[in-house]
Amino acid sequence: MARARDHVERVIDTLSSTNAAARSRLAASWQRSFQKHGLDPAAPAQRVAPDADRLRLQRQALEQVLQVAAPKLDDLYAMIGHCGCGILLTDAEGLVIDARTGLADAEIFRGWGLAPGVDWSEAAQGTNGIGTCIAERRALTIHRDQHYLAENIGMSCIDAPVFGPDGGLIAALDVSSARADQTEGFNRLIEAMVTRVATQIESDLFRAAFQKHRIVLAEGAEPSSAALLAVDGDDVVVGATREARPSMPPAGSRRA
């Protein structure tokens with residue numbers, strides 16, 4: 001596997017650089033994978049079986065998130081599932097808790113470990129769309145040989161974080177594909193869709209958490225954003241999404 005050997009050499013060269021991590025977020029993630037998590041980029045594939053107990057507990061804990069997200073996962077899959085993409089939702093630790101894949105692709109995704117009950121944190125898999133999205137709290141794409149482990153370089157993973165009503169990270173939304181003809185340009189289009197759907201999930205979770213309050217858009221925010229405030233009958237701010245918080249007064253303050 002010349003491609004895998006070339007990838008491992010590239011990773012090792014990057015890890016040996018004294019300033020690569022400072023110049024590149026990808027290199028910084030590779031450094032975390034090696035130094036913090038002790039992962040070998042050349043390690044042979046060891047696909048761990050789904051953790052049924054952990055999956056059950058996390059699905060129970062995130063029942064409302066799953067209910068809110070389900071129709072949006074269905075819609076997203078309807079738009080891009082025919083392209084060989086799988087839709088995954090994880091918890092804040094990178095455990096896959098829900099998925100949408102085609103019947104023809106299901107066995108392929110299980111073979112890759114892209115299935116409910118599998119841990120895709122950076123600690124478990126090194127640099128990858130889900131784990132690195134969670135570690136860096138931002139939307140991103142990890143395309144093929146941007147992955148840390150050589151066994152994962154056949155995949156493209158496009159991810160966006162989902163923040164809960166209290167502003168904390170609650171989930172990650174992922175679109176993954178192992179199609180050889182998937183281009184970086186196509187990935188950018190999917191990334192925009194994934195980010196939009198994650199924003200919609202955030203907005204719906206916030207509205208559900210503050211359903212007895214008036215929900216308003218933060219001043220200056222785009223209508224499609226998740227920059228939302230919850231205010232009471234006296235126009236006192238009682239809640240704000242993560243996107244709204246940087247420019248807004250703390251909860252308990254009166255709107256201007």
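Modeller: Quick term first: buried means under 20% relative accessible area. Keep in mind that this is a predicted model.

Biologist: Is Cys157 buried or exposed?
Modeller: The cut-off for buried is under 20% relative accessible area. Cys157 has a relative accessibility of 2%. So Cys157 counts as buried.

Biologist: How many disulfides does the structure hold?
Modeller: A disulfide is a covalent bond between the sulfur atoms of two cysteines. To count here, two cysteine sulfurs have to sit within 2.5 Å. The sulfur of Cys157 is 10 Å from its closest cysteine sulfur, in Cys85, which is too far for a bond. Cys85 has its own closest sulfur in Cys83, at 5.6 Å, again too far, and the count for the structure is zero.

Biologist: Which strand does S4 join through eight bridges?
Modeller: The two strands run antiparallel. They form a hairpin with five residues between them, and Gly167 in the turn has a positive phi of about 90 degrees. The partner strand of S4 is S5.

Biologist: How many residues of S5 are buried?
Modeller: S5 is paired with S4, and six antiparallel bridges join S5 to S1 as well. S5 is largely enclosed by the rest of the structure, because the buried residues number nine of the nine.

Biologist: What is the bridge partner of Leu89 in S5?
Modeller: Leu89 is among the residues with the most contacts inside the largest nonpolar core, which has 29 residues. Elements giving two or more residues to this core include strand S1 (86-91) and strand S5 (169-177). Leu89 touches, among others, Val65, Leu66, Ala171 and Leu173. Its bridge partner in S5 is Leu173.

Biologist: How many residues are in the other core, the one with Trp120?
Modeller: This core lies apart from the largest one. Its members include Trp120, Ile134, Tyr148 and Cys157. The core has 23 residues.

Technical notes: Residues are numbered from 1 along each chain as its sequence is written. This is a predicted model: local features need pLDDT of at least 70, side-chain atom pairs count only at pLDDT 80 or more; totals for chains, interfaces and linings use all residues. Side-chain values use heavy atoms; hydrogens and water are left out. A nonpolar core is a set of buried Ala, Val, Leu, Ile, Met, Phe, Trp, Tyr and Cys residues joined through side-chain atoms within 4.5 Å. Buried means under 20% relative accessible area, exposed over 50%, partly exposed in between (1.4 Å probe, protein chains only). Helices (H or I, at least four residues) and strands (E, at least two) are DSSP runs, numbered from the N terminus. Contact means heavy atoms within 4.5 Å. Two strands pair if DSSP finds at least two bridges between them. Lists of a residue's contacts leave out its neighbours within four places in sequence.
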